[in-house]
Amino acid sequence: MGIRVAGVSKEFGTFRAVDNVSLDVETGSLVALLGPSGSGKSTLLRLIAGLEEIDTGRIWITGEETTSRSVQERQVGFVFQHFALFKHRTVRQNVGFGLELRGWKHEAIRRRVDELLELVQLQGFGNRYPSQLSGGQRQRVALARAMAVKPRVLLLDEPFSALDAKVRKELRGWLRNLHDEMHVTTVIVTHDQEEAMEVADRIVVMNHGKIEQIGSPAEIYDQPASPFVMSFVGAVNVLPPHVPLAAAERSGEDGQGGDLFIRPHDLELHRSPQSGSVPAVLCRLTHMGRDIQAELTLASGEVVVAQLPRERIDYRELKAGDALHITSRETRTFVPDFVI
């Protein structure tokens, strides 16, 4: 097992940031800790790294218990959100810094740095300073520095959140390809659902210091374990149980009065009444590129959003104020005790 966390808790004053968490990360896998701000994901990562001391519980890395070991003894690579590069050191000096501290010889450092710069596609940038690099290039330098010492595990704390959307997208694909080549056990913290779905083998959804669900991206999206997971991972409409919106397929628990959870892409628009449809008034159409997003108000006053591929809707014939009818291909409910 790459990483094992057993019954770990951490409090800051009266606030319990991590609450009795247990987690196994398989060797060579890439796992995402996903959750909103304050869910405990970054604290859990720092506990694994040894940057915070645990209050209760135990931690193992590659089969060795590291609960009471120092950061250096745990042999982890850690990448921070804001790069944390040395401004007055070149790229080569930044990447090789950890090797210098470990007493590597100059020639061995040079070879290792050359190898890493090629791996992160920064050949020819070795003599530049961080201020001469783009944000994406600086983050790749930070990753190279973390991997220089050949860590047993790689821990990434929201590494792309300070970058713009286009660069984040590029780096997500780059990180996934890099992981497939290196096979280093990796844990990445993110609050970006799309990022977690794109890069991770498995996703750990956290909320209020606890784990809500662990699963593959498909399992997390298609089989959410709770209303929180369904609401946090992907867009969703939440409707009260009195809305008579039937579904071609009903999944989840028998709600018995619980709210209805419907993905926007599961809603269909119709000009005339259909079996199980409810009336709605079109408020706005938004062009999302390949998809069309429709915002509608139901007769009961609730607002829902439908998202449809352009080929499934004659959007040119629709305008705000049109009276329509909507149906759902799938509706999910949860038992009332877990409704949020």
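Leaving aside neighbours within four places in sequence, arginine 152 is in contact (heavy atoms within 4.5 Å) with Ile61, Thr62, Glu64, Thr66, Arg69, Glu73, Arg74, Gln75, Val184 and Thr185. The structure is a predicted model, in which local features need pLDDT of at least 70 and side-chain atom pairs count only at pLDDT 80 or more, while totals for chains, interfaces and linings use all residues. Residues are numbered from 1 along each chain as its sequence is written, and side-chain values use heavy atoms, with hydrogens and water left out.

Arginine 152 is found in the loop between helix 5 and strand 7; helices (H or I, at least four residues) and strands (E, at least two) are DSSP runs, numbered from the N terminus. The relative accessible area of arginine 152 is 17%, so this residue counts as buried (under 20% relative accessible area, with exposed meaning over 50% and partly exposed in between, for a 1.4 Å probe and protein chains only). The side chain of arginine 152 reaches the backbone oxygen of arginine 74 at 3.2 Å.

Six strands form an open sheet in the order 6-7-8-3-9-10, with mixed pairing; two strands pair if DSSP finds at least two bridges between them. Strand 6 (76-79) and strand 10 (210-215) are the edge strands, each pairing on one side only. From one strand to the next, the twist averages 15 degrees. Strand 6 and strand 7 run parallel and are joined by four bridges, with valine 79 opposite leucine 156 in strand 7. In strand 6, Val76 and Phe78 point one way and Gly77 and Val79 the other way, and all are buried. Strand 3 (residues 30-34) pairs with strand 8 (residues 185-190) in the parallel sense over five bridges, and leucine 30 stands opposite threonine 186 in strand 8.

Strand 1 (residues 3-12) and strand 2 are antiparallel and pair over seven bridges; here glutamate 11 stands opposite arginine 16 in strand 2.

Helix 1 (residues 41-49) lies across strand 3, strand 6, strand 7 (153-157), strand 8 and strand 9 (202-207), and runs at about 150 degrees to strand 7. Axes are lines fitted to C-alpha atoms, for helices over the stretch in contact, and angles run from 0 to 180 degrees between N-to-C directions. Seven of the nine residues of helix 1 are buried, namely Lys41, Thr43, Leu44, Leu45, Leu47, Ile48 and Ala49. Just after helix 1, glycine 50 takes a positive phi of about 90 degrees. Helix 5 (residues 135-148) lies across strand 6 and strand 7, running at about 165 degrees to strand 6.

In soluble globular proteins, nonpolar side chains tend to be buried together.

Technical notes:
A polar contact is a pair of N or O atoms within 3.5 Å; within protein, one must be able to donate a hydrogen and the other to accept it, and residues adjacent in sequence count only if both atoms are side-chain atoms.
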